[in-house]
Amino acid sequence: MVQGAGASAGGLARFETEAAAAARLAHRKIVPIDETGLEQGWRYIGMKLIAGETLSARMAAGPMPEREAAALVLKIARAIQYAHDRGVIHRDLKPANILIDGDGEPHVSDFGLAKRPAADPSVTASGAILGTPSYMAPEQAAGDRSDVGPVSDVFSLGAILYALLTGRPPFQGPTPVDTVLLVLEEDPLPPRLLNGQLSRDLEMIVLRSLQKPIELRYATAAALADDLEAFLAGERVAARSGQFSHIVARLFGDKHHAAVLRNWGLLWMWHAALLLVLCLVTNAFHLLGDQWPQMRTVWPYALLWGL
């Protein structure tokens, strides 16, 4: 719940976004909203209780058998396609937002970062990085909202499948910033390097979902689900159909360097400006040494550079 009087404008906006987004969706694999309201100054969303655990809790036991993982993500992908068909993009798909009921069935929750065509653009400012770094798509990590769309959720679905099969997310750095840079610039380790028992076809499905160029991923969550269905049925998967144009795009495609410079360049500019000021003040201290003997000691410089 979000406190009415004490909540920030951004918090209220995300609260209202989740309520509006989930209210549009009536799918058995998406946690439904029963009611929303205000009680004693607290805004609340009443959702159906899913008795069970989160997918992240389930993953604590280690990698999941490949057919079980494929079947689970297949169901999630169908639910996400349903949301996409109604103009809702989740933007924060991750194991913690997937609830597993007592029968082992998945339910998608937490549409707090969902994007709708009619949503107020002021809710998420341009350049803001939204999502969970280990599971977000490169275009989200770059902070470019214009590129975020249904294929961003496809990337996150691929990241979830990768984690289920290997026991770890595809991108994991020591800090969130390091993880974002990995998402932007590095390819994940092939799943079979971490789990040698995996089928090559399933590995190809995962890697196609995790392609950084948008045009090389599955075009829709439904296409990913169809390939998972083909894998489970023992049929040929579309991920095997490599094309020369895909290879060229992969080698020479944009890795979001421009977006990285837009989002991080200002920080480095301020850093450089601060260093310049410190150097100028240090030089002034040195020149004033003849007039003020205390400038010949180490303390003014230690104070200046130690702040």
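1. A charge sits over a ring if NZ of Lys or CZ of Arg is within 6 Å of the ring centre and within 35 degrees of the ring normal. In this predicted model, arginine 208 lies over the face of tyrosine 218, at 4.7 Å from the ring centre.

2. Overall make-up. The protein chain contains 12 helices and 6 strands. It has 307 residues, of which 43% count as buried. Its accessible surface is about 15,900 Å², and carbon and sulfur atoms account for 59% of that area. For contacts between residues at least 6 apart in sequence, 67% join residues at least 24 apart.

3. Nonpolar core. The largest nonpolar core has 55 residues, and those touching the most other members are Leu55, Val108, Leu164, Ile205 and Leu228. At least two core residues each come from helix 2 (55–59), helix 3 (66–85), strand 5 (98–101), helix 5, helix 6, helix 8 (200–209) and helix 9 (221–232). Helix 3 is the greatest contributor, with 11 residues.

4. Valine 108. Leaving aside residues up to four places away in sequence, valine 108 touches Lys29, Ile30, Val31, Ile76, Ala79, Ile80, His90, Leu93, Asn97 and Ile98. Valine 108 is also one of the core residues that touch the most other members.

5. Aromatic pairing. The search of the whole structure returns 1 aromatic pair. Its partners are phenylalanine 155 and phenylalanine 171, which are stacked with 6.3 Å between centres and 10° between the planes. Phenylalanine 155 belongs to helix 5 (residues 150–166), while phenylalanine 171 sits in the loop between helix 5 and helix 6 (176–185), so the pair ties together parts 16 residues apart in sequence. Phenylalanine 155 is buried at a relative accessible area of 0%, and phenylalanine 171 is buried at 2%.

6. The whole-structure search finds 10 salt bridges. One joins aspartate 226 to arginine 78, with the closest N and O atoms 2.8 Å apart. Aspartate 226 is in helix 9 and arginine 78 in helix 3, and the two residues are 148 apart in the chain. Aspartate 226 is partly exposed at 40% relative accessibility, and arginine 78 is partly exposed at 30%.

7. Arginine 217 and glutamate 139 meet through their side chains at 2.8 Å, N to O. Arginine 217 is in the loop between helix 8 and helix 9 and glutamate 139 is in helix 4 (residues 138–141), so this pair ties together parts 78 residues apart in sequence. Which side of the 20% cut-off do the partners fall on? Buried means under 20% relative accessible area; arginine 217, at 2% relative accessibility, therefore counts as buried, and glutamate 139 is buried at 1%.

8. Salt bridge with one buried partner. The side chains of aspartate 201 and arginine 240 form a salt bridge of 2.4 Å, N to O. Aspartate 201 is in helix 8 and arginine 240 in the loop between helix 9 and helix 10 (244–252), 39 residues apart. Aspartate 201 counts as buried at 17% relative accessibility, whereas arginine 240 counts as partly exposed at 35%.

Terms used:
Residues numbered from 1 in each chain as written. Predicted model: local features only at pLDDT ≥ 70, side-chain atom pairs only at ≥ 80, totals over all residues. Heavy atoms only, no water. Phe/Tyr/Trp six-rings, centres within 6.5 Å; stacked < 30°, edge-to-face > 60°. Helix = DSSP H or I, 4+ residues; strand = E, 2+ residues; numbered from the N terminus. Buried < 20%, exposed > 50% of the residue type's maximum accessible area, 1.4 Å probe, protein only. Contact = heavy atoms within 4.5 Å. Areas by Shrake-Rupley, 256 points an atom, 1.4 Å probe, with all protein chains shown as cover. Core = buried A, V, L, I, M, F, W, Y, C linked by side-chain atoms within 4.5 Å. Salt bridge = Lys/Arg side-chain N within 4 Å of Asp/Glu carboxyl O.
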